[in-house]
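Have a look at the sequence and the fold, and then we will go through the charged pairs together.

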Amino acid sequence: MAGKIVCFLVLCIVAAAHSVEALTCTEVDAYLKDCVPFLTKTGLLGTCCDGVKKLEAVATTTTDRQTACTCLKAAGETIIGLDWSRVGDLPSACGVNLPYTVSADIDCSKIE
C-alpha cells in the first residue's frame, strides 16, 4: 500500500511540473509597460526591449502567442496616442524576430 502511495505522489509531482499556466493580459501588460513611452512617442526604448524579450521567451505555445496578440490589441485600444507603426516595428527594434506584424487589425487567431 505504501508503494502505491509513493507512486501516486511521484506521478502528481511529475504532472504538476508539466502543467504550466497560460499567459494572461496582466502578465503581458507587465512585460510591456516600459514600452508605452516609446509607443506613444513620448520617450525612448529604454528598458522596453527587456520586457519584449522576456515576453518572447515565455510565450512558447500557440495559445500564449495568440493571447499576447489579443492583449496587445486590447491595450492598444485604451492607450491614448498609441502609434501602431511603432508597435509593428517594436519587435525588430528589440532584436526579436516575429513571423507577423502586430497591428490594430491583425487576426490573432491566425498566429501560430
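The count of salt bridges comes to 3, where a salt bridge is a side-chain nitrogen of Lys or Arg within 4 Å of a carboxyl oxygen of Asp or Glu. This is a predicted model, in which local features need pLDDT of at least 70 and side-chain atom pairs count only at pLDDT 80 or more, while totals for chains, interfaces and linings use all residues. Residues are numbered from 1 along each chain as its sequence is written, and side-chain values use heavy atoms, with hydrogens and water left out.

The pairs are set out here.

| aspartate 34 | lysine 33 | 3.4 Å |

Aspartate 83 lies in the loop between α5 (62–76) and α6, and lysine 41 in the loop between α3 and α4, so the pair ties together parts that are 42 residues apart in sequence. The helices here are DSSP runs (H or I, at least four residues), as strands are (E, at least two), numbered from the N terminus. Is aspartate 83 buried or exposed? Aspartate 83 counts as buried because its relative accessibility is 14%; the cut-offs are under 20% relative accessible area for buried, over 50% for exposed and partly exposed in between (1.4 Å probe, protein chains only).

Aspartate 34 is partly exposed, with a relative accessible area of 34%, whereas lysine 33 is exposed at 52%. Aspartate 107 counts as partly exposed at 38% relative accessibility, and lysine 110 is exposed at 64%.

Aspartate 89 sits in helix α6 (residues 84–93) and counts as partly exposed, at 46% relative accessibility. Its C-alpha atom is separated by 8.5 Å from that of valine 102, 13 residues apart along the chain.

Finally, the chain as a whole. The protein chain has 6 helices and 0 strands. Of its 112 residues, 27% are buried. Among contacts (heavy atoms within 4.5 Å) between residues at least 6 apart in sequence, 68% join residues at least 24 apart.
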